[in-house]
Amino acid sequence: MTELKCRKKYTLDGDKEERESQHEPDVQTTKPVKTEEDEVTSGRNGAGKQQKDEGEVKEEDAQHKEEESKTPESPVKKSTRSSAGFLQRLVRVFFGCLAAVACGILYAAYLSAYHDRKFWFSTRQELEREITFQGGSGLYYYYYKQMLTATPFHRGFYELMMDNRTVAGQTINAVVRLSLYPELITSFIYRFTGSEEFVEPIYFYIGAVFGLQAIYVSALFVCSWVMSGTWMAGMLAVAWYVINRPDTTKVDYAIPLRDNWALPYFSCQVAALTGFLTNNISSATELFCYLTMSATTFTFLLVWEHSHYVLFLQGLCLFFLDAFDLLPSRKMAEIHMVYVSALLLAFFSQFQNAALLSSPLVSLLIGTWVARNYQQKMKTGPFLSRVMKLFVYFHLVFTTGITFSYLVKKVVQGDESDFFLKFLEVKFGLNTTTDFITNFLLCQESFQVPAQDLFLRLTQASVLPFYLLVLTVCLLSTLQTIYRRLSGLPMKTNLKLEDGRIGEQPKVIYHVFHTLIFGGLALLFDGMKYLWTPYVCMFTAFGVCSPELWMTVFRWLKLKSIHPVVLSLILSTAVPTIIGFSLWREYCPRVLAELSEVQEFYDPDKVELISWIKSQAPAAAVFAGSPQLLGTVKLCSGATVTSLPLYTDIKLLRRTEDTYQVYAMRSAEDIYKILTSQKANYVIIEESICNELSVNKGCRIKDLLDISNGHVVYDKGEVYSFSKHGRFCQEIKMNYSPYTNYFTRVFWNRSYHVYKVNSVISFQY
């Protein structure tokens with residue numbers, strides 16, 4: 001009888017070891033997994049180890065006795081249990097997706113109601129509606145209108161590729177230069193679905209943008225849900241996103257902007273990448289995440305000219321995961337294939353866009369591929385050896401990438417490629433310059449350091465304190481995992497709640513790197529907050545709703561008075577419930593009050609100006625002015641302009657500098673030569689720029705021009721502007737010679753003065 005029991009125990013042990021070996025990854029077959037308790041007690045004396053071993057043996061004996069007492073389950077019970085589990089998961093996924101879609105639809109409805117209430121959009125005339133597209137963003141809507149009237153559609157597309165009616169004296173490919181694929185696709189859908197019978201073109205256009213914002217919110221919901229495993233995290237992420245709307249999106253005041261079209265696709269891409277990085281997912285789920293990631297990456301590259309910079313930052317996060325051996329090599333190779341295929345498709349879709357070839361993302365991919373082939377045994381050896389190999393690997397990747405980027409820029413773009421480097425030198429205080437374009441860009445709000453109001457608003461909404469807590473826990477756990485990997489210890493793929501290792505999940509590690517890199521840039525550039533803040537809301541919601549995060553803290557604290565698993569489950573439900581209730585109590589009345597507030601955006605002077613241009617100016621007239629105003633002029637009248645509100649094209653920026661000379665201390669003859677060289681027939685002078693009053697005087701247009709033109713005098717610590725000529729925008733209003741020789745005033749009101757550039761100079765004294 002004793003022999004029979006021994007044989008039975010041996011058989012059970014053997015079956016258990018065989019099952020465990022099948023579920024463990026390859027890296028665990030050569031070395032057993034050590035728990036954190038083993039590492040902590042590894043430095044103790046042998047007696048402690050012996051006691052621990054004896055305790056483990058007793059525990060295993062108790063488990064075997066319990067297994068012996070159990071009767072084997074029948075196949076029918078196993079099938080019933082698996083069916084019930086599958087049905088339960090299916091119900092959870094169904095209702096979770098339903099909640100995500102509901103959050104997106106409600107947010108889109110709220111945006112639509114808020115926009116209509118703010119601008120009184122439904123009661124305005126067409127001209128007044130178009131003027132509400134602020135900041136020059138309405139230029140994109142002009143091309144949408146143009147494609148609606150193009151007959152046939154492909155001819156309108158060809159005219160955009162050879163556009164000579166936008167910028168005077170230039171023929172541009174407007175599809176690539178302005179990233180007009182959103183307008184092309186939207187106009188195509190509107191025309192060929194017969195939507196003109198049901199909805200006006202402008203409502204269809206803004207409805208498409210609001211629909212994308214709904215997808216944005218739903219993707220944040222799903223991403224937080226996938227990371228935490230609960231819908232509560234998704235709903236909390238959406239609540240924080242809506243509350244912090246001024247810092248999460250620019251859709252309130254500039255609907256047609258490219259980032260309003262592109263960032264929803266990036267959000268979907270991040271959600272798909274999060275699912276792809278999750279351990280122990282089914283092959284079907286992994287394939288779905290891979291295909292979604294591929295489609296959204298390509299679309300993101302297609303609709304926004306800055307997208308490759310954002311993907312470079314994301315690729316940098318994944319590069320660190322791969323370098324520290326925190327991600328399976330197979331998945332990293334597949335992600336690289338997504339990047340390469342998306343870049344190639346976007347390159348040909350944008351008519352061989354040279355900017356993609358010289359993008360930092362391509363340089364990173366090239367550098368990684370070269371370094372990996374050159375240094376094949378980087379992830380082997382003891383701790384010190386691995387660290388030294390990592391330094392060599394980083395050096396190879398970045399040296400190769402920078403060299404490749406330098407060569408491509410020299411071949412493709414010439415000397416203009418150095419502008420971005422000079423811009424960064426001035427931004428970080430490594431150099432100074434009098435160049436107007438560099439200083440003009442630095443004075444833009446997007447490139448300035450964010451104000452303290454940002455952090456105050458995030459703190460008042462309670463997201464920033466919890467974000468710092470979640471980030472600290474996840475970062476420390478990630479550093480612990482990195483140390484374990486560099487020490488040669490394997491990662492555990494089938495983590496359980498009681499393990500308390502939240503930083504050992506690749507998806508969590510990615511988001512830690514993601515929020516650190518984007519957050520660091522948000523501290524330098526205010527415009528980066530629109531990329532960072534939404535994921536702050538998502539990441540914080542995941543952390544406070546994740547039992548693994550609380551369990552990680554309890555494992556560090558070695559909590560014994562209360563069972564840590566039970567307490568972590570309680571806190572992961574109680575804390576977000578309390579946060580959600582407090583947010584609902586404080587901010588729900590505010591959000592609803594925004595829909596009832598009487599706000600009216602109306603610019604009668606601009607309406608009067610555009611009406612005059614449409615009725616009095618010749619159809620072939622060319623207008624000069626500030627880029628933002630020219631964007632509105634182009635949208636509402638279709639007139640040819642001298643410049644566009646684009647800050648990524650150096651040539652257009654130089655034309656903008658020339659046009660802005662009307663606010664400098666230049667002679668009438670100089671301004672006349674500049675405007676005639678741009679083929680301008682009319683110049684529009686704005687009172688808000690000519691007599692600009694600002695606290696930051698160094699960023700006024702006239703101050704930047706004085707610095708660039710050398711009209712600044714420094715005397716005893718004071719700064720003065722001096723020139724033998726008066727400021728043109730002020731002197732021309734006096735209507736005396738020589739200004740009346742070159743220009744004739746044809747329209748004026750409180751905000752705008754329009755002067756005709758005389759084709760024949762009449763000298764009057």
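**Loops, a buried serine and a helix pair**

Analyst: P152 lies in the loop between helix 6 (139-149) and helix 7 (153-161). Helices are DSSP runs of H or I with at least four residues, numbered from the N terminus. This is a predicted model: local features need pLDDT of at least 70, side-chain atom pairs 80 or more, while totals for chains, interfaces and linings use all residues. Residues are numbered from 1 along each chain, and side-chain values use heavy atoms, without hydrogens or water.

User: What is omega for the peptide bond from T151 to P152?

Analyst: Most peptide bonds are trans. The bond from T151 to P152 is cis, with omega near -10°.

User: Is S179 buried or exposed?

Analyst: S179 sits in the loop between helix 8 (174-177) and helix 9 (181-192). Its side chain makes a polar contact of 3.3 Å with that of E305 (N or O atoms within 3.5 Å, one able to donate a hydrogen and the other to accept it; residues adjacent in sequence count only through side-chain atoms). The cut-off for buried is under 20% relative accessible area. At 4%, S179 is therefore buried.

User: How are helix 13 and helix 14 oriented to each other?

Analyst: The axes of helix 13 (residues 258-277) and helix 14 (residues 283-303) come within 8 Å and cross at roughly 155°. Axes are lines fitted to C-alpha atoms over the stretch in contact, with angles from 0 to 180 degrees between N-to-C directions. Angles over 145 degrees count as roughly antiparallel. Helix 13 and helix 14 are therefore roughly antiparallel.

Terms used: Helices (H or I, at least four residues) and strands (E, at least two) are DSSP runs, numbered from the N terminus. Angles under 35 degrees count as roughly parallel, over 145 as roughly antiparallel, 65 to 115 as roughly perpendicular and the rest as oblique. Buried means under 20% relative accessible area, exposed over 50%, partly exposed in between (1.4 Å probe, protein chains only).
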